[in-house]
Amino acid sequence: MSKTIAVVPGSFDPITKGHLDIIKRSCGLFDEVHVSVLNNSKKTGFFSIEERLTLIEEAVKDLPNVKVDYFSGLLVDFCERIGAKQIVRGLRAVSDFEYEMQLTSMNKKLNDDIETLYMMTNNQYSFISSSMVKEVAKYGGDVSSIVSKNVELALKEKFKELEQEE
């Protein structure tokens, strides 16, 4: 029997406990889970691709069936390259659904063999977004309950660096 491979894609800028909730639960459903950062050359992230990969690797180090990687281009091409037949997307609220449905419809049009599965984020994380995390951290707010310790420290360090550059 072949192993089941799923991709949990995103920008993960930075990875939050909401993301980790989806990743951990996906680990129980699939033999191999690829947490994959989209390398969008048109967008400059807060953290570099390398920094995000390092933060994710640290956050998922106790999950043996997780691989951390990045891709450029079409998600369905990446899935095909690694043999993934499933994409797992987290939903926080109904407002996420319309955008996710558009992505799923286009991916299905591009490759009918790849299925997208939606997973509702645990209620305690449903309000979290990477943008909100960065905003709170920027002003010295406590983000320890919504990101892992390594991300909390990286945010503090990054804002300190930015402050020194000004």
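**Reading helix faces, a sheet and a few single residues**

Mentor: Let's begin on the outside of a helix: the exposed residues Glu80 and Arg81 sit on the face of H3 that is turned away from its buried side. Keep in mind that what you have on screen is a predicted model.

Trainee: Fine. Which residues of H3 are buried?

Mentor: First the general idea. With 3.6 residues to each turn of an α-helix, residues three or four places apart point the same way. Now the case here. H3 covers residues 75-82, and its buried residues are Leu75, Val76, Phe78 and Cys79. Looking down the axis of H3, you find these buried residues within an arc of 160°, so they line one face of the helix.

Trainee: What covers the buried residues of H3?

Mentor: The cover includes strands S1, S2, S3 and S4 (86-91), along with helix H4. H3 lies across S1, S2, S3 and S4, and it runs at about 150° to S1.

Trainee: Let me try another helix. Which residues of H2 are buried?

Mentor: H2 spans residues 49-59, and Ile49, Arg52, Leu53, Leu55, Ile56 and Ala59 are buried there. They are on the same side of H2, because the arc they cover around the axis is only 165°. An arginine is in that list, by the way: Arg52 is one of the buried residues. Among the elements that cover them are helix H1 (17-27), strand S2 (32-38), strand S3 (66-71) and H6.

Trainee: You mentioned H6. How do I describe two helices that pack together?

Mentor: For H2 and H6, the axes come within 9 Å and cross at roughly 150°. Anything over 145 degrees counts as roughly antiparallel, and therefore H2 and H6 are roughly antiparallel to each other. On the H2 side the contact is made by Glu51, Leu55, Glu58 and Ala59, and on the H6 side by Asn150, Val151, Ala154 and Lys158.

Trainee: Now the sheet. What is the order of its strands?

Mentor: In general, strands of a sheet pair through backbone hydrogen bonds, either parallel or antiparallel. Here you have an open sheet of 5 strands in the order S3-S2-S1-S4-S5, with parallel pairing. S3 and S5 are at the edges and each has a single partner strand, so one side of each has no neighbour in the sheet. From one strand to the next, the twist averages 30°. H2 packs on this sheet, touching S2 and S3, and its direction makes about 150° with that of S2.

Trainee: How many bridges join S1 to S2?

Mentor: There are 6 bridges between S1 (residues 5-10) and S2, and the two run parallel.

Trainee: Last topic, single residues. Is Glu100 buried or exposed?

Mentor: The cut-off for buried is under 20% relative accessible area. Glu100 is at 6% relative accessibility, so it counts as buried. Glu100 is in helix H4 (residues 94-110). Not counting residues up to four places away in sequence, Glu100 touches Arg89, Gly90, Leu91 and Tyr118.

Trainee: Is Glu152 buried or exposed?

Mentor: Glu152 is buried, because its relative accessible area is 7%. You'll find Glu152 in H6 (residues 149-165). Leaving aside neighbours within four places in sequence, Glu152 is in contact with Asp142, Val143, Ser144 and Val147.

Trainee: And where is Met120?

Mentor: Met120 lies in S5 (residues 115-120). At 45% relative accessibility, Met120 counts as partly exposed. With residues up to four places away in sequence left out, Met120 touches Asp21, Ile22, Arg25, Leu91 and Arg92. The C-alpha atoms of Met120 and Arg89 are separated by 8.6 Å, with the two residues 31 residues apart along the chain.

Notes
Residues are numbered from 1 along each chain as its sequence is written. This is a predicted model: local features need pLDDT of at least 70, side-chain atom pairs count only at pLDDT 80 or more; totals for chains, interfaces and linings use all residues. Side-chain values use heavy atoms; hydrogens and water are left out. Helices (H or I, at least four residues) and strands (E, at least two) are DSSP runs, numbered from the N terminus. Buried means under 20% relative accessible area, exposed over 50%, partly exposed in between (1.4 Å probe, protein chains only). Contact means heavy atoms within 4.5 Å. The arc is that of the directions from the helix axis to the C-beta atoms. Two strands pair if DSSP finds at least two bridges between them. Axes are lines fitted to C-alpha atoms, for helices over the stretch in contact, and angles run from 0 to 180 degrees between N-to-C directions. Angles under 35 degrees count as roughly parallel, over 145 as roughly antiparallel, 65 to 115 as roughly perpendicular and the rest as oblique.
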